Amino acid sequence: MRPELEPWMGLGLAKRAEGTYSLAVRVTEAAPVGEVLARVREEAREEVDIREVGPIVPHRDTGDLRQRRRPLVPGCSVAHSDVTAGTLGAFVTLGGEPHLLSNNHVLANSDQGRIGDTVLQPGPADGGQNPRDRVATLSATVELVTDRPNLVDTAAARLTAEVSFDATAYPGGALGKPVSEAPAEDTVEKVGRTTGHTTGSITAFEVDGLRISYPEGTLTFDDQIEISGDAGSFSSGGDSGSVIWTRGDRSPVGLLFAGSTRGGPDGTGLTYGNLLSTALSELGATWIESP
């Protein structure tokens, strides 16, 4: 028997044909809130995109990107020494020094880690060992809170002096500058530790009220991006921390952190990401641009 899920409803905007928009409604299960959904359809005059997504969980753990990589590259396995494995999303500067960027739940063990803790590449689930595979130390996090909605799940770790990295090694080459809001272009890409290089489309943005089931408890997130994969799921466990970029101008837009069990095409789940510009701002970090 499937465990009973606590009903919730998230609201955002979904793109429609010819540049128009509709109300995006995301629910754990439709049945418990059927009357509310009927009223929403009526009030929105049927201009509503309702999807049942099931529970949403951080993409922490379930090729080549799971192996030891020197120089470090975006998309490879990385994690706090007490975490299984996530993804190295990008390289940034903080306090004038190079850092790697990923999620709080990947680099800081969902706030259980401490500044100065060891970060390994590959992550422990992929054979990373301390001190042999130590590449960075945790230096900055954005706290995950329970008393108000979160905007980001992010952290940064300062690279050790002897570790080299290639900030341009994304599929197709270097990325452009991060955009400050959800882009007009809705086709996107990412590279992650588990599913590698995938493509998809932004199906909703400015999504508020998402409830994410962390092992440590349920957290609420506002102003999130939703992505649906082109061929199956856009991401899977272990892809958390991946940077999401637009396919046309290659502008970084999101920081992947979670996914649902259903709601996408062919019964696959949907992917959720923070606005990358918000993550950088909250950390006080600067994107490392291509030379």
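**Figure 1. Salt bridges in the predicted model.** A search of the whole structure finds 7 salt bridges, a salt bridge being a side-chain nitrogen of Lys or Arg within 4 Å of a carboxyl oxygen of Asp or Glu. The model is predicted, so local features need pLDDT of at least 70 and side-chain atom pairs count only at pLDDT 80 or more, whereas totals for chains, interfaces and linings use all residues. Residues are numbered from 1 along each chain as its sequence is written, and side-chain values use heavy atoms, with hydrogens and water left out.

**Figure 2. The salt bridge between aspartate 64 and arginine 69.** The closest N and O atoms of aspartate 64 and arginine 69 are 2.9 Å apart. Aspartate 64 is partly exposed at 40% relative accessibility, and arginine 69 is partly exposed at 22%. Buried means under 20% relative accessible area, exposed over 50%, and partly exposed in between (1.4 Å probe, protein chains only).

**Figure 3. A network of salt bridges linking Arg68, Arg132 and Asp133.** Aspartate 133 is buried, its relative accessible area being 0%.

**Figure 4. The salt bridge between arginine 247 and aspartate 230.** The two side chains meet at 2.8 Å, N to O. Arginine 247 lies in the loop between E17 and E18 and aspartate 230 in the loop between strand E16 (224-229) and E17, so the pair ties together parts that are 17 residues apart in sequence. Strands (E, at least two residues) and helices (H or I, at least four) are DSSP runs, numbered from the N terminus. Arginine 247 is partly exposed at 33% relative accessibility, as is aspartate 230 with a relative accessible area of 44%.

**Figure 5. The aromatic pair of tyrosine 170 and tryptophan 245.** The search of the whole structure finds 4 aromatic pairs. Rings of Phe, Tyr and Trp (its six-membered ring) pair if their centres lie within 6.5 Å; planes under 30 degrees apart count as stacked, over 60 as edge-to-face and the rest as tilted. Tyrosine 170 and tryptophan 245 are edge-to-face, at 5.4 Å centre to centre and 75 degrees between the planes. Tyrosine 170 is buried at a relative accessible area of 6%, and tryptophan 245 is buried at 0% relative accessibility.

**Figure 6. The aromatic cluster of Tyr214, Phe221 and Phe257.** Phenylalanine 221 and phenylalanine 257 form a tilted pair, 4.7 Å centre to centre with 45 degrees between the planes. Phenylalanine 221 is buried at 0% relative accessibility, and phenylalanine 257 is likewise buried at 0%.
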